[in-house]
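This briefing covers one model in short points grouped by topic. The sequence and structure come before the notes.

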Amino acid sequence: MWIKTYHMLATYKEELFKNLQTAIELEHSTIPPYLAAFFTINQDTNAFAWEVIRSVVMEEMLHMTLACNILNAVGGQPFIDNPKFIPEYPAELNFADRKFDVGIIKFSKPAIEAFLEIEKPSEQKLNVKGEDSKGFLHPINLDEKTIGEFYEAIKKQLIYLVEEYGEESVFDGNLTLQITPKEYYGSGGEIIVVNNLETALLAIDVIVDQGEGASGSIYDSDETYFGQDQEVAHYYRFNEIYVGQKYQEGDRPNENPTGEKVTINWKATVNMVDNPKASDFAIGSAARTKADEFNQLYSHFLRLLHLTFNGQSSLIVKAVGMMYQMKHLASELLNCPVADTKGSKVAGPPFEYIPLDQRKQFDWLVTELASELEPQ
Amino acid sequence: MKTPPLEPIEVFEKLSIILTGFSKADIIGTGMLQTYFDTIHTELEEGLFFELLFEVQKITVTNPEQPSTDELQNISELVSHSKYETAISQIIQLWYLGEWVFSPTSDQNYIISSQSYLEGLIWKSIAAHPMGGKQPGFGTWGFAPLTFSSDSTNKLT
Amino acid sequence: MSKHNEYDVVIVGAGISGAIVANQLAEKGHNVLILEAGEKKDFSFESYRNYVHHFYNSTIKIPNSPYPQNANAPQPLVTDVENIEDGIQQFNENGYFKQYGPAPFQSTYTRAKGGTTLHWLGTCLRMLPSDFKEYDLFGTGKNWPINYYDLMPYYRMAEREIGVSADVEEQRYLGLTFKEDYVYPMTKIPQSYLDKKLTEWTKGAVFNYEGQNFNYNIVSTPQGRNSNPNPKYDNGKGYQPVGAVGNPDLGQRCEGNSACVPICPVQAKYNALKTLQKAVNKGVVIKAQCVASKILYDKETGDISGITYKEYENSETLKSSSSCAYTEKTITAKRYVLAAHAVENAKLMLASDFNNKNIGQNLMDHPVLLTWGLAPENIGSFRGPGSTSGIPSLRDGSFRKNRSAFRVEIGNWGWNWPTGSPATELTEGLSNQLFGKKLRNKLLDKVQKEFRFGFLIEQQAIANNCVTIDERYKDALGNYRPIINYNITDHEKEGMLAAKAFSKQFFKTINGEDKTIYNSNSGGFIAYKGEELWWQGAGHLAGTHIMGTNKENSVVDKYQRCHEHKNLFLVGCGNMPSMGTSNPTLTMAALSFWAAENIDNDLNQSKSSQSEPLKHLTEK
């Protein structure tokens, strides 16, 4: 009898692993588009938008980390350094009721519209509409209407399994694989070690609340869970940018903000080409050289993340260092004119996957990392 | 085969690659090429900049990123030429420090802009980052320095 | 003059001490006003960014470079000290200080909201227990009227407020003790690669000097910059790092900007704006562009009856040196606090005809002997916070009878401080007509091996090192400019000799190259007993209104209250009768918490008209 039960649990778990892997890919897929918007504005000429996007990106990285912690806690294994892990941008996000594209495009109204689509809370009616999907490789398919509902389904799955098979059988992952709050993290929220149902549900709540707001509210739950300053959730923060006005105490989810007006300088952006690809740039051009370097760096970075979430948690500090390198390299790319647009547009970070055996060492790669990143 | 004459800004790009020892991608990546061209044009005495560019155009350098020994010899002559010596030093300092340096002790020296300071090539050349910018991230200072160490085989050639 | 006191407490100065006192008293429900001499600035991050840009665009990146000069509230600059000519130190008459020497006073401070914490390095060392009773133990220096154990709880408050990152186990040396189970708010800031290599290269070696052996133990320095919160802090409650003012998600961790001095671009390093903002949220009022010029007091009772200040309006004329328009006003309160900086506090009391002879005397700093050289291999200089480790073994010992103690600070930014590297290395390369890859290689080879030591030499309080005023020397608002008389004693020179010997032996031990060469024309150069020495200021100005047991030996009592003016409290490094070899900010912050508690008690007592004495220090 117990063999059958065990077998059933294993089958359920396969499904759970798949969903959590999708969660990781989903969290990751938002990062390049958010970064592109972040890189194409200036801290001084768009201070508000710069800070909003910066903190959202940081929190998306937290979400990805939390999703990995949950997957590891239930005995799964995050797969990060693999060609399917990166969507081809513009990426298709395929929800139950709509699908739309999210691209690597410069900071603009269409970019923020797509971000609002991504972060849309269940109860929220969109007052914007992102681009309809044209259908691309590796779409991210969700059976639910929002990210919140997607995570809600995972929650139900976890609760069901714990009720059926007991907490210990469900959360049988190796604890040493967890990323702990002692590791680096530098923004709102905190890393949560997941080792039982309670912590798994908490981690999911943090992810959902930071994105969509704690149920029926424009605020996330950082204040409740971590004693941090009250913070407006991602969807609403993007809406603040979109309408140029902050929310204030008492504002409700389905109404526009009524707080302080903020200046959004839609014109003060870097004129980056849409969805840059290294191969679009002439061989030998500055744009091509830096784009190739960027893809190399990005792929090295994914490898490092993969190792981080598969037992070498202390590598996260190095991954963070690489992220800063990516930021500085992206700023160089954004100084490189693209030849066939007569210099009116510039290149940008392509976020393309380089297979392991085609990765190169660069002089900017930290020595200690070189051995970690070598193909094995 | 005759190559079409280069625009002054293209000659300046070539000169900048040769003088700084950085790649074309690094030079363009600073976003400062046109600004520096204009600064030098304004600061150098009438005509000197274009005379220098004219001289540079005459020197054949097949690949400015990897000048041959002979090519380097020709450039060295230009660098030590009494007429251009100061200007060339100022151009290198402009690229390396983002600053127009009349003389190291002059109080007329000025930083072109915040961007020029942050894009100063000196920081890249010492495998660091500008003090106060392009931060490398938490804890990175505890790692071994970057790989192109002088005692490794990766030495720049 | 207003008839009733609108405020319970008026504080002069919005630096760390004033901010702590204001925040603590507001917490207790008192009405507090701060008068700040510097420019009006809001708490937005954009406003702070202006400082960052000012720094980027300064050709000489000295500590005050981000903070514009203001003729209404001038500040000293390290560039005010001139070269030595014909063996005699020259003094620049254009600077804010009027200096009579004979030694140059090379330290500076910042007159802006947030004060000098805007450009401090962030080092948060506690003073050693022996530092509090130096006279008793060594017959030199001065004793404090309180001891280390008295100050312990206040050190903990200061460490929480500043947000100190350190490993408490590494800090238990030379008699330093901590409360059982105490941990710092955040785990230690990672040590630099340089620190790790030096540790490796000095393993087991000792420094022998005057027949005594000292270890080379390289110890991580407690720092007021954000690291990972320690979950064990506060009995397991943990700690929440404080990010940038006006941008709290930013600066949650140190990002390695390598510009702590003059400015941390993300405010991962503590500055007093963080405490000020909390204070303002509790109702504290900051009136900026108000320079206190005179303290009024009753000649019979000594009680302060008001503070006169000059409020200047036009910030357009900030940079011009011509005299500026102002309005003179007087404000009254139940209690007064001077938190304007050691030099400014002393100047203000002197300008107000206070009688205590100790005012302005006992000016101290840490003369910093600099030495520098090349490591035997690349250590990757110019990365990370300015300093992440030090060598504490020479901070204390019986030798203090004969010479100054010192702390060894290991500098992560190559030779930036002593020589102006890497810009000066570029100049040198260009003078050899290097260009292209040869130039790059030359810079890389050299600079990546560079590091420097700073030896913070303990300086004793002596009467002749002092701040005075003179009718002839005034600033644009008609306020006095500080006049500085300053010298280095043989006791300190002996300490420098030991430091120089340490440096030489250290470079030998690690097979490095000692490249220390002093320019005999540079301010701070001396030749002593056949050895060349060169020191700079540390910015640790202290001791101009020291605490003690009576008005003959001090200005304030152990409660930080003026002996002769019972409703006037002084805070800041001016109260310290000695600094030992600790950077003084942490101790100053601890004393400010102590002062705030005493002011609160004092206000409450007068309310309930009981005459209980101030709370006694208890912890042992």
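How many residues of chain C are in contact with residues of chain B? In this predicted model, 44 residues of chain C are in contact with 44 residues of chain B. The model scores an ipTM of 0.93 and a pTM of 0.93.

**The side of chain C that touches chain B**

- Four helices of chain C each supply at least two residues of this side: α2 (45-56), α5 (193-201), α10 (423-431) and α11 (436-447).
- The helix that gives the most is α11(C), with nine residues.
- By class, the side of chain C that touches chain B holds 20 nonpolar, 17 polar and seven charged residues.

**Chain C overall**

- The average pLDDT of chain C is 94, and 95% of the residues score at least 70.
- Chain C contains 13 helices and 23 strands.
- The C-alpha trace of chain C spans about 75 × 55 × 50 Å along its principal axes.
- A compact globule of 620 residues would have a radius of gyration near 25 Å, so the 23 Å of chain C agrees with that expectation.
- Buried residues make up 59% of the 620 in chain C.
- Among contacts in chain C with a separation of 6 or more, 73% join residues 24 or more positions apart.

**Helix α1 of chain C**

- Helix α1 of chain C covers residues 16-27, and its 12 residues should span 16 Å at 1.5 Å a residue; the end C-alpha atoms are 16 Å apart, so the two values agree.
- Most of α1(C) is covered, with 11 of its 12 residues buried.
- The buried residues of α1(C) include C:Ile16, C:Ile20, C:Val21 and C:Leu25, together with C:Asn23 and C:Gln24.
- C:Gly29 follows α1(C) and has a positive phi, near 90°.

**A three-stranded sheet in chain A**

- Chain A has an open sheet of three strands in the order β2-β1-β3, with mixed pairing.
- β2 (99-102) and β3 (140-141) of chain A are at the edges; each has a single partner strand, so one side of each is left without a neighbour in the sheet.
- Strand β1 of chain A, residues 91-94, pairs with β3(A) in the parallel sense over two bridges.
- A:Leu93 has A:Ile140 of β3(A) as its bridge partner.
- Strands of a sheet pair through backbone hydrogen bonds, in either a parallel or an antiparallel manner.

Methods: Residues are numbered from 1 along each chain as its sequence is written. Chains are lettered from A and ligands numbered from 1 in the order in which they are written. This is a predicted model: local features need pLDDT of at least 70, side-chain atom pairs count only at pLDDT 80 or more; totals for chains, interfaces and linings use all residues. The radius of gyration is taken over C-alpha atoms; the globule rule is 2.2 Å times the number of residues to the power 0.38. A residue is buried if 20 or more other C-beta atoms lie within 10 Å of its own, exposed if 12 or fewer, and partly exposed in between; C-beta atoms are placed from the backbone. Two residues are in contact if their C-beta atoms, placed from the backbone, lie within 7 Å. pLDDT is the predictor's confidence in each residue, from 0 to 100. Ala, Val, Leu, Ile, Met, Phe, Trp, Tyr, Cys and Pro count as nonpolar, Asp, Glu, Lys and Arg as charged, and the others, Gly among them, as polar. The expected span of a helix is 1.5 Å times one less than its number of residues. Two strands pair if DSSP finds at least two bridges between them.
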